[in-house]
Amino acid sequence: KGKMFQACQSGETKVVELLLERCNSEESGLNIKDEYGRTAFMMACLHGHKDVVQLLIDHSGCTNIDLNARSNMGFTALLLACEEGQNNVAQLLLHYSKRIDLNARCNNGGTAFIWACYFGQKDIVQLLLDHSDPTVELNARSNMGSTAFMHACSVGHKNVVQLLLDHSKRIDLNTRTNDCGITGFMLACSNGHKDVVQLLLNHSNPRIEVNAKANNDWT
């Protein structure tokens with residue numbers, strides 16, 4: 001079991017293939033988890049080992065691999081791939097969207113789309129936008145009420161914000177957080193992201209409420 005996990009983590013494609021040919025569903029060890037709750041499939045996705053990921057998906061029926069297993073923090077393989085910017089793996093997982101939960105949430109309510117925007121993974125954001133009709137929830141909210149657009153504004157990922165603005169007909173640009181009632185525009189201003197603020201101002205008529213008030217009446 002340990003060897004299978006190590007082979008997936010290291011991207012030893014031929015070793016994984018050999019082990020898969022000689023294991024059964026009960027002895028494969030493919031659903032055992034490390035101390036962080038991560039499985040072999042999750043580690044292959046996390047490290048971008050596309051060929052290993054493909055092998056595991058191909059054998060998931062006969063080995064009972066849980067493609068949507070969650071870590072201790074609630075991350076799935078897709079969430080990990082999107083967070084780490086593993087474009088090829090993310091694209092592969094999207095191809096199997098009928099078997100992969102594209103809107104799975106981690107413990108804080110973040111989705112793959114939210115995390116890709118938060119970490120500035122522009123290529124993956126584009127992949128998810130292309131696959132969003134109707135399967136990816138572009139306006140999903142975390143436990144705090146934050147959307148992917150709000151996270152991109154808050155961190156200052158100008159390229160991602162621009163990409164989201166290009167798809168603004170499908171994205172709510174004025175969502176407010178649960179606790180303070182602040183918007184993406186307010187987050188960009190409060191965190192000093194001048195380039196993002198300029199993008200939003202250029203896009204402000206009539207989509208973005210530049211005079212929106214938070215719960216404390218601050219703009």
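In this predicted model, the axes of helix 1 (residues 2–10) and helix 2 (residues 13–21) come within 8 Å, crossing at roughly 145°. The crossing of helix 1 with helix 2 is left-handed. On the helix 1 side the contact involves Lys-3, Met-4, Ala-7 and Cys-8, and on the helix 2 side Val-15, Val-16, Leu-19 and Leu-20. Sorted by class, these residues are 7 nonpolar, no polar and 1 charged.

Helix 11 (residues 158–166) and helix 13 (residues 194–202) have axes that come within 9 Å and cross at roughly 15°. Angles under 35 degrees count as roughly parallel, so helix 11 and helix 13 are roughly parallel to each other. Their crossing is right-handed. Lys-158, Val-161, Gln-162 and Leu-165 of helix 11 meet Asp-195, Val-196, Leu-199 and Leu-200 of helix 13. The contact of helix 11 with helix 13 comprises 5 nonpolar, 1 polar and 2 charged residues.

The whole structure contains 4 salt bridges, including those tabulated here.

| Salt bridge | Closest N to O distance |
|---|---|
| Asp-34 and Arg-38 | 3.0 Å |
| Arg-176 and Glu-209 | 3.9 Å |

The Arg-176 and Glu-209 pair links distant parts of the chain, 33 residues apart. Arg-176 is in the loop between helix 11 and helix 12 (184–190), while Glu-209 is in the segment after helix 13.

Glu-21 and Arg-22 are both exposed. Asp-34 is buried, at a relative accessible area of 17%. Arg-176 is partly exposed at 29% relative accessible area, and Glu-209 is partly exposed at 42%.

Conventions
Residues numbered from 1 in each chain as written. Predicted model: local features only at pLDDT ≥ 70, side-chain atom pairs only at ≥ 80, totals over all residues. Heavy atoms only, no water. Axes fitted to C-alpha atoms, helices over the stretch in contact; angles between N-to-C directions. Helix = DSSP H or I, 4+ residues; strand = E, 2+ residues; numbered from the N terminus. Parallel < 35°, antiparallel > 145°, perpendicular 65-115°, else oblique. Left-handed = near helix turned anticlockwise from the far one by under 90°. Contact = heavy atoms within 4.5 Å. Nonpolar A, V, L, I, M, F, W, Y, C, P; charged D, E, K, R; others polar. Salt bridge = Lys/Arg side-chain N within 4 Å of Asp/Glu carboxyl O. Buried < 20%, exposed > 50% of the residue type's maximum accessible area, 1.4 Å probe, protein only.
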